[in-house]
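This report describes one protein chain through selected contacts between its side chains. Please keep the sequence and the model in view while reading.

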Amino acid sequence: MEEANRRATRAPPRRRIGALDSAMDSVLEIQNQAKQQLQRVAMAAAPIEVLPPCKRQKKNPSCLGTSPVLPATSTADWSSLQLDIVRRIADSFLATNDIDCYMDLRAVCHSWRYATDDPKENILDYQFLPRRWIILDEVFQSGTRCLLVNTATGRILHKELPLLSDYYIVTTTLDGFFVLADRRPPHAARVFNPLTGGIIPFTVPVPPEVKVTCSLCFEFASPMLTLLSKSCCKIYISSPHSIRTENFEISLYGLFRRAVKGDLAGLWWLPAGSSESAETAAVNAIGKISNVMKSLHVDPLKFFSSDPPDMGLADDTKCFLMDFGGQLLATIKGQLVQIFRYEAKNGVLLHLKSIGNHAIFLGHHKCLAVDTDMFPLIEANCVYYTEQLGLSARIRKCNIKDEKVESISEAVDFVKQEKQFVLVGDRPFTIIQLLASYTINIRDSELALHQIT
């Protein structure tokens, strides 16, 4: 045990990156100050007490002795903690998007709520919006209980959300929002923040389809919700008080569907009055990606299709579009995996051989990037994708640098049941399996299922 403790002491801390360094340093400093303050408060509140002398002499001096446990005469008054310290701790939670911790802090006492901002007073405040939280569908079938994972920090959070029972759950976004539908016609859309409990109302009715693709953008004066209806190749773009629709040809619709799944809605179609340069950049990016498609002799309908690829065929190449740190990333999955980054400033599409300490997960319906520093089991600079084999599927890993491809396990990872791929094997599942399941499946809209039944 002593040897294990020494090894744990010598083990280097987990490497941190980017803005987390300064945030974590601030948290440590604040925690030390808070600890000292709490000690002063406790010492001031507790009377000085002298322990009675021990009346029994130990028979064996080699045995450890214990002192009598005295009942606590007072407890620390948390409400007396200095408010500037409370605010600094609260700000450190917001800096790392640990909004649930912020909400728990505000629930401690009235003075702590008084010292911090109430998210319900401004539900669109950027600091209270989830960022890079995803809701895992594999464990999302238990009513109002769900599991959230932050792909940037590695945090895993269980949440009980009773409010979900008041609406139809339609789908979720890549940032961890729920898209809900009113139970009364015309079934207007509602966007639910699971970390604060805030609801953003929209006037757009939810399409009555089983599989609904959506994206939520906060880059403009009002939040923009985009819903896609596959049956009629129609796109609904809505702010809280307005709606507009766009009809597209099937090939362009597939492109926009991929963009929405990769959280690129704000880049691809901008509202009237947007800068011409931004629209021009989007058009140029489409043109560059189309050139790659032509060089691979790929059917454009299948290139951007959301249907599972026909594995083994020459034209099973697919393109996955995603937002990668504010940049457009195009991952092309064929016999090999190629990654391109669009440089808007120069108008060029760069072929990448490294994505640093990140990994990309691709599935039939979604794609996302994770920070491998926060997920030790996931290998950096790799693409994890699902390969369908009839009624089963397995998870494959491709190293971007050396293009080496291998399976995660010898057996199949998924079995198709009805229209969903279900993980097989004993629980608990690994984080690789859960993220792959998140990308290969898309949950059914409860509104559509209710109308069908």
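The side chains of R106 and D118 are joined by a salt bridge, with N and O 3.7 Å apart. A salt bridge is here a side-chain nitrogen of Lys or Arg within 4 Å of a carboxyl oxygen of Asp or Glu. R106 belongs to helix α4 (residues 99–106), whereas D118 is in the loop between α5 (110–115) and β1 (133–135), so the pair ties together parts that are 12 residues apart in sequence. R106 is buried, at a relative accessible area of 10%, while D118 is partly exposed at 26%. Buried means under 20% relative accessible area, exposed means over 50%, and partly exposed lies in between (1.4 Å probe, protein chains only).

The model is predicted: local features need pLDDT of at least 70 and side-chain atom pairs count only at pLDDT 80 or more, although totals for chains, interfaces and linings use all residues. Residues are numbered from 1 along each chain as its sequence is written, and side-chain values use heavy atoms, with hydrogens and water left out.

**The chain as a whole**

The secondary structure comes to 11 helices and 22 strands. Helices (H or I, at least four residues) and strands (E, at least two) are DSSP runs, numbered from the N terminus. Of the 453 residues of the chain, 47% count as buried. Among the contacts with a separation of 6 or more, 50% are accounted for by residues 24 or more positions apart; a contact means heavy atoms within 4.5 Å.

Helix α3 (residues 83–95) has 13 residues. From its first C-alpha to its last, α3 reaches 18 Å, close to the 18 Å expected at 1.5 Å a residue; the expected span is 1.5 Å times one less than the number of residues. The buried residues I85, V86, I89, A90, S92 and L94 lie in this helix. N97, which follows α3, has a positive phi, near 60 degrees.

**Salt bridges**

How many salt bridges does the count come to? The count comes to 11. The table sets out three of them.

| Pair | N to O distance |
|---|---|
| R106 and D118 | 3.7 Å |
| R190 and D182 | 3.0 Å |
| K211 and D444 | 2.5 Å |

R190 and D182 are both buried. The salt bridge between K211 and D444 links distant parts of the chain, 233 residues apart. K211 is in the loop between β7 (199–205) and β8 (213–217), and D444 is in the loop between α10 (431–440) and α11 (446–452). K211 is partly exposed, with a relative accessible area of 21%, and D444 is partly exposed, with 25%.

**Aromatic rings**

A pair of aromatic rings is described by the distance of the centres and the angle of the planes. Rings of Phe, Tyr and Trp (its six-membered ring) pair if their centres lie within 6.5 Å; planes under 30 degrees apart count as stacked, over 60 as edge-to-face and the rest as tilted. A search of the whole structure finds 5 aromatic pairs. One of these, W78 with W112, is edge-to-face, at 6.3 Å centre to centre and 90 degrees between the planes. W78 lies in the loop between α2 (20–45) and α3 and W112 lies in helix α5, so this pair ties together parts that are 34 residues apart in sequence. W78 is partly exposed at 43% relative accessibility, whereas W112 is buried at 9%.

Why is the pair of F177 and F218 tilted? Their ring centres are 5.6 Å apart and their planes are at 35 degrees, so the pair counts as tilted. F177 is in the loop between β4 (168–172) and β5 (178–181), and F218 is in the loop between β8 and β9 (224–229), 41 residues apart. F177 is buried, with a relative accessible area of 3%, while F218 is partly exposed at 26%.

Charges also sit over rings. The charged end of R183 is over the ring of Y168, 4.5 Å from its centre, and K366 lies over the face of Y438, at 3.9 Å from the ring centre. The rule requires NZ of Lys or CZ of Arg to be within 6 Å of the ring centre and within 35 degrees of the ring normal.
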